[in-house]
Amino acid sequence: MGPDNALQEGFLTTRVDAVINWARSNSLMPMPMGLACCAIEMMAFAAPKYDVARFGSEAMRFSPRQADLMIVAGWASYKMAHTIRRVWDQMADPKWCIAMGACASSGGMHRCYGVVQGIDNFLPVDVYIPGCPPRPEAVIHALMDIQEKVRNDYSIAQDGDFGKEVPTIAPARPKIVTPEGDDAISPTGLYTQ
Ligand code: SF4
């Protein structure tokens, strides 16, 4: 029985984690932390030519309470680092962070006393984007990496055991089971990007 027939039967089986992660990964709402020239490429990433709406992330939010993906675009001075960290702390969990460009990732060419040599000195970065500046396609690729990370993480299970070590599980993939109990589709390859 193929997926279409299984849907006609009126039910699907899956894990709550898989459904929540599917919804989360397709509705990431970026907090654009545009600090320097990289921010122009970040704007292009959301503009019509590259159209990040295809990935459900076109809703840039300038309130930390409405965002779950911080994109730090540009170099961060020590003065600014305090503000960035405060905004990050105001974002609700779960949340993710992208370091966009050489400056955000490592300080870049700004080897000086005023610039933090990589935002991972004060933020937990999930994905680094190389380049000066990175092209919008690279930002989309980073977004897809975050989506894959979200899909293969715990959600409910981890919330219940916050702070404890959780065992490794197989990646959460949707699974359709026929009335006979057979897998209707292969669980592998659904999210191959
Ligand atoms: S990486 Fe290049 S484009 Fe981006 S903020 Fe640094 S100097 Fe500007």
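**A sheet, its helices and a ligand shell**

Four strands form an open sheet in the order 1-2-3-4, and their pairing is parallel. Strand 1 (30-34) and strand 4 (127-129) stand at the edges of this sheet; each has a single partner strand, so one side of each is left without a neighbour in the sheet. On average, and with direction ignored, neighbouring strands are turned by 15 degrees against each other. The model described here is predicted.

The pairing of strand 3 with strand 4 may be followed in detail. Strand 3 (residues 96-100) runs parallel to strand 4, and 3 bridges join the two. For A99, the bridge partner in strand 4 is Y128.

Helix 3 lies across strand 1, strand 2 (69-73) and strand 3, and its direction makes an angle of about 135 degrees with strand 2.

The next subject is the packing of helices. Two packed helices are described by the angle between their axes and the distance between the axes. Helix 3 (residues 38-46) and helix 6 have axes that come within 8 Å and cross at roughly 70 degrees. Angles of 65 to 115 degrees count as roughly perpendicular, and helix 3 and helix 6 are therefore roughly perpendicular to each other. Their crossing is right-handed. On the side of helix 3, the contact is made by E41, M42, A44 and F45, while helix 6 contributes P136, V139 and I140. By class, this contact of helix 3 with helix 6 has 6 nonpolar residues, 1 charged residue and no polar ones.

Helix 6 (residues 136-151) also packs with helix 2 (residues 16-25), at an angle of about 165 degrees and with the axes 8 Å apart. Since angles over 145 degrees count as roughly antiparallel, helix 2 and helix 6 are described in that way. Helix 2 passes helix 6 in a right-handed crossing. Here N21, W22, R24 and S25 in helix 2 meet Q147, V150 and R151 in helix 6. The contact of helix 2 with helix 6 has 2 nonpolar, 3 polar and 2 charged residues.

Finally, the model contains a ligand. Which residues are around the ligand? They are A36, C37, C38, G74, W75, G101, A102, C103, G108, C132 and P133. Helix 5 (residues 101-106) gives the most to this shell, with 3 residues. In terms of class, the shell around the ligand has 8 nonpolar and 3 polar residues, and no charged residue belongs to it.

Definitions and conventions:
Residues numbered from 1 in each chain as written. Predicted model: local features only at pLDDT ≥ 70, side-chain atom pairs only at ≥ 80, totals over all residues. Near = placed C-beta within 6 Å. Nonpolar A, V, L, I, M, F, W, Y, C, P; charged D, E, K, R; others polar. Axes fitted to C-alpha atoms, helices over the stretch in contact; angles between N-to-C directions. Parallel < 35°, antiparallel > 145°, perpendicular 65-115°, else oblique. Left-handed = near helix turned anticlockwise from the far one by under 90°. Contact = placed C-beta atoms within 7 Å. Pairing = 2+ DSSP bridges.
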